[in-house]
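This report describes selected side-chain and backbone features of one protein model. The sequence and structure are shown first.

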Amino acid sequence: LSKGLEILSTMISDDECLKFVSFVGAVISTGLRGIIKDLIKNKWFDVAITTCGALDHDIAKHFSHYKEGAFTMDDMELANQNIHRLGNVLVPMESYGPLIEEKMQEFLEEEYQSGVKEMSTTQICKMIGKHLGEDSFLYWAYKNNIDVVVPGIMDGAVGSQIWMFTQKHHDFKLNLIEDANLLSGL
């Protein structure tokens, strides 16, 4: 931990250093969302690379409330109450799937109606961020112009909603090559 702090301190204080942070969605869903948000809010990183789950849970946590549970809770009993369990974190079903579906379709439709027919994952993240608030890491990435790249965006609820959106709007495209060009350019 101390070595990691040393490296982080050196990176942050070096204006010439291009700073990347990478994390998985579980970090956002199970308790470290605020730390990631603060790192990005304070502009300690220039680029974030994450999984689709991070987007899913940033949206869900902004618009709803997760609850604290226990690792020993009965999954069948929770399922009967329409509650997902992530370790000791409880997620009411209406706070995840249906909520992400509603919000993503709304966000994508707004972009589409303004003439946007193609987006990279970085642009998708900025689109989401502009609709969230100060509790969100995507909001701060949007506000501070920090690129968030999601190489496996189809592996989550947000990606599923992008695909669903293309079923209605066949001319809308997800451009993963643009993300590769961004990273290569950096």
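## Charges over aromatic rings

K103 lies over the face of F63, 4.3 Å from the ring centre. K117 is placed likewise over the face of Y112, at 4.1 Å from the ring centre. A charge is taken to sit over a ring if NZ of Lys or CZ of Arg is within 6 Å of the ring centre and within 35 degrees of the ring normal.

The model is predicted: local features need pLDDT of at least 70, side-chain atom pairs count only at pLDDT 80 or more, and totals for chains, interfaces and linings use all residues. Residues are numbered from 1 along each chain as its sequence is written, and side-chain values use heavy atoms, with hydrogens and water left out.

## Aromatic pairs

The structure holds 4 aromatic pairs. Rings of Phe, Tyr and Trp (its six-membered ring) pair if their centres lie within 6.5 Å; planes under 30 degrees apart count as stacked, over 60 as edge-to-face and the rest as tilted. One of the pairs is formed by F23 and F137, edge-to-face, with 5.4 Å centre to centre and 85 degrees between the planes. This pair links distant parts of the chain, since F23 is in strand β1 (residues 20-23) and F137 in helix α8 (residues 137-143), 114 residues apart. Helices (H or I, at least four residues) and strands (E, at least two) are DSSP runs, numbered from the N terminus. Both F23 and F137 are buried (under 20% relative accessible area, with a 1.4 Å probe and protein chains only; exposed is over 50%, partly exposed in between).

The ring centres of Y112 and F165 are 5.8 Å apart and their planes stand at 75 degrees, so this pair is edge-to-face. Y112 belongs to helix α6 (residues 97-113) and F165 to helix α9 (residues 157-168), 53 residues apart, so the pair also links distant parts of the chain. Y112 and F165 are buried. Together with F172, they form one aromatic cluster.

## The loop residue N175

N175 is located in the loop between β8 (173-174) and α10 (176-185). A polar atom of the N175 side chain lies 3.0 Å from the backbone nitrogen of I177, and the N175 side chain reaches the backbone nitrogen of E178 at 2.9 Å.

Not counting residues up to four places away in sequence, N175 touches E118, M119 and S120 (heavy atoms within 4.5 Å).

Methods:
Polar contact = N/O pair within 3.5 Å; in protein donor to acceptor, adjacent residues only side chain to side chain.
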